[in-house]
Amino acid sequence: MLNCLKILDFTKLLPGPFATMILADLGACVLRVESPHHSDLLQTSPPFDGDQSVAHQSINRSKKSISLDLKNEEAIQVIYELLNEYDIVIEQFRPGVMDKLGLGFEQLKKINPRIIYCSITGYGQTGPFRNRAGHDNNYLSLSGILSYSSRKNERPVPMGIQIADQAGGSLYSIIAILSAAIHREQTGEGQWMDISMTDCTFALQSLMGAGWLTKKIDPKPEAHMLNGGIFYDYYETSDGRYFSVGSLEPPFRKQLCEALGITNYLPYSFSENEDELIVFKNEIKKGFIQKSYDEWKQIFIKYDACVEPVLLFSEACEHPQLKERELVVNVQKEDGTTQPQIGLPIKSSVYKPSYLYTGVKSGVNTEEILLSLGYDHQTVYRFIEKGITRSKTK
């Protein structure tokens with residue numbers, strides 16, 4: 001579907017690689033440009049399948065890899081030659097680094113005026129924090145999200161997934177690249193997109209943010225409909241497991257009360273009186289704690305109440321709904337066997353995702369790519385000797 005897109009990927013870790021993984025699943029040709037001297041930290045993240053990180057193999061599936069020392073002028077010349085074929089660049093360096101290397105947008109635009117250039121940073125290309133280091137929890141902190149993502153009088157907790165990295169950096173960069181590709185198709189014009197993970201995370205607060213912007217109501221923990229302020233919450237069973245209750249609409253509230261045997265408290269669920277809402281929530285707590293996780297699973301099979309068990313990841317993989325949707329796929333490894341990975345969740349009537357192979361070791365395609373550009377074997381060997389690249393066997 002996206003086989004017309006050819007992408008040079010200068011990113012590491014998660015935001016950029018997750019974005020280019022999705023684009024590769026959709027058919028784009030992705031070439032990672034990696035340092036011969038400094039490995040992506042994701043390559044050293046356990047657990048391992050053989051000598052490779054399974055996280056790296058998953059996030060970088062279907063991509064090729066070339067190893068180049070971007071501080072060397074001959075390596076930069078290779079990039080310039082690749083721009084005749086690859087006309088989308090995604091990079092994740094701090095602001096100004098690519099300019100110093102001779103690989104900034106304005107520099108590459110002179111070589112290929114149609115270039116689409118996407119920069120992912122923590123804080124963006126402008127502003128007082130533009131050069132400041134950060135990670136996912138920092139971006140969530142500065143966006144304001146963590147201030148109301150906790151229980152009352154308790155500290156925020158680390159999220160189970162990297163929201164700012166993936167929902168912020170990855171998904172917004174995909175939107176930016178695809179919108180730029182449509183614009184280029186219509187006008188022939190390339191462009192530079194500045195993606196700040198803090199900006200994008202801040203923008204996820206459409207519901208909570210509206211209260212402050214219009215009425216100066218600052219979001220607080222357990223004070224709103226969707227963050228524990230009412231019965232929309234998680235409830236413990238007798239054996240220490242949990243259920244999610246999202247029964248907001250009247251028919252679902254009714255079924256919730258019927259399943260728990262608290263129908264006499266149903267009117268409290270519609271009350272605007274804080275004390276009555278607390279009573280209703282406490283009745284739900286008392287109800288769930290009376291039975292085990294498995295018992296409630298069997299009970300709620302009979303009700304369409306927006307109530308579901310909180311699954312372990314291993315349980316989610318075996319859930320019939322997720323299995324029917326084929327979210328776990330087998331991807332070919334270098335040795336001919338396969339590795340289970342999380343597949344693309346997008347379903348299309350005309351396209352099936354393309355899973356070519358698991359993520360490869362850094363630089364494994366270097367020789368193949370250099371030879372395709374017209375370099376001879378002697379030059380490739382000289383590049384290896386000078387440290388401009390490295391042998392795929394190392």
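This note sets out the strand order, the packing of helices and one surface patch in a predicted model.

1. Basis. Residues are numbered from 1 along each chain as its sequence is written, and side-chain values use heavy atoms, without hydrogens or water. Local features need pLDDT of at least 70, side-chain atom pairs count only at pLDDT 80 or more, and totals for chains, interfaces and linings use all residues.

2. Six strands, paired in the parallel sense, form an open sheet in the order 5-2-1-6-7-8. Strands are DSSP E runs of at least two residues, and helices are H or I runs of at least four, numbered from the N terminus; two strands pair if DSSP finds at least two bridges between them. Strand 5 (64-67) and strand 8 (191-196) each have a single partner strand, so one side of each lacks a neighbour in the sheet.

3. Strand 6. Strand 6 (residues 88-91) pairs over four bridges with strand 1 (residues 6-10) and over four bridges with strand 7 (residues 116-121). Ile90 stands opposite Asp9 and also opposite Cys118 in strand 7. Ile88 and Ile90 point one way, Val89 and Glu91 the other, and all are buried (under 20% relative accessible area, 1.4 Å probe, protein chains only). In a regular strand the side chains alternate between the two faces of the sheet.

4. Surface. Leu207 lies in helix 9 (residues 206-215). Because its relative accessible area is 68%, Leu207 is exposed (over 50%). Leu207, Met225, Leu226 and Tyr232 make a nonpolar surface patch of about 410 Å²; patch residues have over 30% relative accessible area and no salt bridge, with like charges joined within 9 Å and nonpolar side chains (Val, Leu, Ile, Met, Phe, Trp, Tyr) within 5 Å. A salt bridge is a side-chain nitrogen of Lys or Arg within 4 Å of a carboxyl oxygen of Asp or Glu. Accessible areas come from the Shrake-Rupley method with a 1.4 Å probe, and for residues only the protein chains shown count as cover.

5. Helices. Helix 7 (residues 163-187) lies across strand 6, strand 7 and strand 8, running at about 165° to strand 8. Contact means heavy atoms within 4.5 Å; angles run from 0 to 180 degrees between N-to-C directions of axes fitted to C-alpha atoms, for helices over the stretch in contact.
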